[in-house]
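Here are a few exercises to work through with the model open beside you. Try each task before reading its solution.

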Amino acid sequence: IDTYGAYGRKGTTLQVRGTFHLICPEHEGLTDLHADAVTFVEKGSVTEQPFDIGAFLPGLMLVAIGFIMLIVFHQMREGLMAEARYRGEVVKLDRGYPLVRLEDGELLRCEHATALVKGERRRAVIGDVVEVAVPPAHDKGVIEAIAPRTREFVRKDPTERAVPQVLAANFERVIVAQPVGEVNLRRLERELVLAFETGAEVTVVLTKADLADDAATRATVEAVQALAAPAADVLVVSEDDPASVEAVRALLAPGTTTVLIGRSGVGKSSLVNMLVGAEVLSVGAVREGEGKGRHTTVSREIVEVPGAGRIVDMPGVRGLGLWDAEEGIGAAFPDVEALAAQCRFRDCTHHEEPGCAVRAAVESSELTPERYASYQALQQEMAAMRDRREEARRMNKEKVSDTKRRRAGAPKGGRRRR
């Protein structure tokens, strides 16, 4: 046969769909074959048979099922690839990555998002409530946001000239621990300033009373009470006196968080173990003849106290530089502040000004020279810090101005023509 629009040759059998014009030897003119028929042409004869769609249904169904499965696969893949997001609290912070307890109780090790650290220059601290994303095929969560804090324990960063360092967030009480046999009153004053500056309740706990005699303990308590009262209570705790431990436990109300601070070796971890009633934190051995514990705590961790609240055992910190501590100084030195209010001049620096009530109190022994010197040293430290911060702000403004001038002076497209 001769065909137009179809491949074939004379004497073969063709299956044709659509409309083709066939010239057959036994038919005159053209024969039109349409899509609703399958035509078999053999040896010059034309035979039309109805198209059986049922023969094609299994194949069509397989194609449809495959298409649906492909769509479902892509949707599942997109769901798996999407980042899971959670809300949680930083419950442990050490030299590695923050440990976050999610709302369902799961613990997740996290790292900080680059934009958070470099953009806002913020890092999550113990007690922070954070938003965490968990990217697919990632072994750590990513802290992307930090919720506003109710309180912060802040000191000047010891590695920077004028930068604050937040040590803990979102707490209701600060306990300052010092060993009863080795109280450093000048350091205690500084610790109280930082504690009062947070706005939380403050308590001084004198530890290791079982290593000191009663007379020495009473004398130390009187000295500390004169320093801290009435703004802060003073408690004495002994490993041999369960009632003293219960008095401290009573401070930890359920649903609250307490931050425990103090230099290394004062017995903070031992105090936490006594409050919990179990060995939950490692304790360094006490050196014989000195009563001094070794530094063991290297991380900040929130510990649940059964039947009470939570407590954060902070590593011992040597440097306690002040940062925005005017109110803390006023709270830690209420006696000096009351005297200062009686000075003739409102801006009296309590050095050589006439009519200075503070100097008069020192000369009359109403105020000890040591306490006056400590107050003055802290005030001078704050004044120096304000100057450094102002200088840092000024330098940053100058850098920004220089950058703007350089950008404004540069022509579009590159170098300036000469």
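**Exercise 1: a histidine in a loop**

His 350 is buried, with a relative accessible area of 6%. Keep in mind that this is a predicted model.

Task: Find where His 350 lies and which residues, leaving aside its neighbours within four places in sequence, it is in contact with.

Solution: Start with the place. His 350 sits in the loop between helix H8 (334–340) and helix H9 (357–363). Next, list the contacts beyond four places in sequence: Ala 340, Cys 343, Cys 356, Val 358, Arg 359, Tyr 372, Tyr 375 and Gln 376. Finally, check the burial: a residue counts as buried under 20% relative accessible area, so His 350, at 6%, is buried.

**Exercise 2: a covered helix**

Task: Work out how many of the nine residues of helix H6 (residues 268–276) are buried, and what covers them.

Solution: First, go along the helix. The buried residues are Lys 268, Ser 269, Leu 271, Val 272, Asn 273, Leu 275 and Val 276. That gives seven of nine, and H6 is mostly covered. Then look at the cover, which includes strand S14 (173–179), S15, helix H5 (242–249), strand S17 (257–261), strand S20 (300–304) and strand S21 (310–313). Last, step just past the end of H6, where Gly 277 takes a positive phi of about 85 degrees.

**Exercise 3: charges that pair**

Task: Take the salt bridge between Asp 335 and Arg 371.

Solution: Begin with the distance: the closest N and O atoms of Asp 335 and Arg 371 are 2.8 Å apart. Asp 335 lies in helix H8 and Arg 371 in helix H10, so the pair ties together parts that are 36 residues apart in sequence. To finish, follow the shared partners, which join Arg 186, Glu 189, Asp 335 and Arg 371 into one network of salt bridges.

**Exercise 4: charges that gather**

Solution: A patch residue needs over 30% relative accessible area; Asp 210, at 32%, is partly exposed.

Technical notes:
Residues are numbered from 1 along each chain as its sequence is written. This is a predicted model: local features need pLDDT of at least 70, side-chain atom pairs count only at pLDDT 80 or more; totals for chains, interfaces and linings use all residues. Side-chain values use heavy atoms; hydrogens and water are left out. Buried means under 20% relative accessible area, exposed over 50%, partly exposed in between (1.4 Å probe, protein chains only). Helices (H or I, at least four residues) and strands (E, at least two) are DSSP runs, numbered from the N terminus. Contact means heavy atoms within 4.5 Å. A salt bridge is a side-chain nitrogen of Lys or Arg within 4 Å of a carboxyl oxygen of Asp or Glu.
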